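Biologist: I'm new to this one, so please take me on a close look at its salt bridges, and explain your terms as you go.

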Amino acid sequence: MLIILGIIGIAVETTVGVEEGEKCGACWIEGAAILAAVLIVVLVTATIDYQKQFAFVRLTRSLHETNTKMVIRDGKQLSVIDDDIVVGDILSVNAHNLASIPADCVVLGPPISGGLKMDESTLTGESVLITKNPGDVVLSGTTTIQGSAKMVVIAVGVNSVAGKIKAHVYDSSDHDGEGLDGDD
């Protein structure tokens with residue numbers, strides 16, 4: 001609207017308000033000032049938005065690169081990011097860093113330092129901590145709240161429970177709820 005107002009202001013001041021034979025002089029300044037103000041606001045807003053987006057990307061990348069897990073792969077202990085975890089890795093988790101579980105796993109051996117308690121509220125909505133024993137399945141997207149354990153990775157990415165849920169959510173958003181019953 002301000003752009004249209006500025007253009008109309010320039011047009012009216014330079015044509016309608018001028019007597020025959022009279023020069024306009026500086027009558028266009030008001031309309032030009034409106035256009036300049038709009039340009040400045042747009043450029044400042046765009047610059048601020050770009051800087052915010054760039055900072056968010058840097059922060060996300062930094063968080064992603066520092067979110068590492070300890071795994072045993074081919075008999076060697078490695079520190080890897082969540083995306084590099086593969087089926088067959090032995091994942092070491094503990095409650096000291098509130099480890100989020102990036103893959104579906106099966107708990108191995110006796111729990112280290114007491115029982116292993118998991119927060120599965122992201123999947124089930126229940127706020128009650130779940131005790132996990134050797135042989136129990138730990139689902140991706142859950143968080144270690146108490147204890148520590150080693151577990152073998154059995155599914156990652158779209159093959160994990162959290163991956164399947166995301167696939168159904170994104171798939172169903174395109175079809176307005178159709179296909180959620182598994183008859184796809």
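Modeller: Let's start at R73, which is partly exposed at a relative accessible area of 23% (buried is under 20%, exposed is over 50% and partly exposed lies in between, using a 1.4 Å probe and protein chains only). A word on the source: this is a predicted model, in which local features need pLDDT of at least 70 and side-chain atom pairs count only at pLDDT 80 or more, while totals for chains, interfaces and linings use all residues. Residues are numbered from 1 along each chain as its sequence is written, and side-chain values use heavy atoms, leaving out hydrogens and water.

Now, R73 has a partner: D89 forms a salt bridge with it, with the closest N and O atoms 2.7 Å apart (the rule asks for a side-chain nitrogen of Lys or Arg within 4 Å of a carboxyl oxygen of Asp or Glu). R73 sits in strand β1 and D89 in the loop between β2 and β3, so the pair ties together parts 16 residues apart in sequence (strands are DSSP runs of E, at least two residues, and helices runs of H or I, at least four, numbered from the N terminus). D89 is buried, at 2%.

Strand β1 also holds K69, whose side chain meets that of D82 at 3.2 Å, N to O, in another salt bridge. D82 belongs to the loop between β2 and β3, so this pair links parts 13 residues apart. K69 is buried at 5%.

Elsewhere, E120 and K132 meet at 2.9 Å, N to O. E120 is in the loop between β4 and α3 and K132 in strand β5, so parts twelve residues apart are tied together. E120 is buried at 12%, and K132 is buried at 9%. The count comes to three salt bridges.
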